[in-house]
Amino acid sequence: MRENYLTVKGYGESEIVISKSRFLTYIERAETEEDAISFIDRIKKMHHNATHNCSAYIIGEHDNIQKANDDGEPSGTAGVPMLEVLKKKGLKDTVVVVTRYFGGIKLGGGGLIRAYGKATTEGLIAAQVVECKLHHIMKVAIDYTWLGKVENEVRGSSYSLEDIRYLEGVEIIVSVLKEEEEQFRSWMTEITNGQASITFEDAHFIEFIVK
């Protein structure tokens, strides 16, 4: 399983006008190529009368699926610069469509590359880039006499208290960054004088907005 990676928080859209042409950008997270294609088709249907609906996406743990489509713009002036923006920002599982309504003024190859790159960048601002960090869900099983101390220590730490299960004993469920698991185990053992049973339960990603 991959650990930390960048992607978009979710759907976002933006609009810029360059030399009277309107560039409408639509961005979404896509974890499969089918999701990406479905999103592109939806935007194309929405703007079936647009001059161009250019697209790009990058998918997979190792960026193994990368596609760019100029949709009638001169080769390499739309989809490729859009894809390059995604790659330069290190994004994964992201699809972008830039719809252009031609305003009557030709931009030239360099102008198109800059326009589609800028449109993609603006769309990413709207969609918000997030860093997904792999966390381990740790179960700390203790006697009730330790509940107050352990709960207070966890709440005052950088770890995330997910749940408290009141059973025959107490199970405190804590979300810990994968790379901090051993540090967490040592810390919990220390504050309970070795009276805690600490086990790994599951793994999940927590998203953090990238400023």
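I count two strands as paired if DSSP finds at least two bridges between them. Helices (H or I, at least four residues) and strands (E, at least two) are DSSP runs, numbered from the N terminus. The model is predicted, so I keep to its rules: local features need pLDDT of at least 70, side-chain atom pairs count only at pLDDT 80 or more, and totals for chains, interfaces and linings use all residues. Residues are numbered from 1 along each chain as its sequence is written, and side-chain values use heavy atoms, without hydrogens and water.

Sheet. I looked up strand 2 and strand 3 (residues 21-29): 7 bridges join them, and they run antiparallel. Ile18 stands opposite Ser21 in strand 3. The open sheet has 5 strands in the order 2-3-6-4-5, with antiparallel pairing. I find strand 2 (12-18) and strand 5 (65-69) at the edges, each pairing on one side only.

Helices. I take contact as heavy atoms within 4.5 Å. Angles run from 0 to 180 degrees between N-to-C directions, with axes fitted to C-alpha atoms, for helices over the stretch in contact. Helix 3 (residues 108-127) lies across strands 2, 3, 4 and 6, at about 145 degrees to strand 2.

Core. A nonpolar core is a set of buried (under 20% relative accessible area, 1.4 Å probe, protein chains only) Ala, Val, Leu, Ile, Met, Phe, Trp, Tyr and Cys residues joined through side-chain atoms within 4.5 Å. In the largest, of 23 residues, Phe23, Met82, Val96, Val98, Tyr116 and Leu124 touch the most other members. Helix 3 gives the largest share, 6 residues. Beyond four places in sequence, I list for Phe23 contacts including Ile16, Val98, Leu107 and Tyr116.

Notes. Buried means under 20% relative accessible area, exposed over 50%, partly exposed in between (1.4 Å probe, protein chains only).
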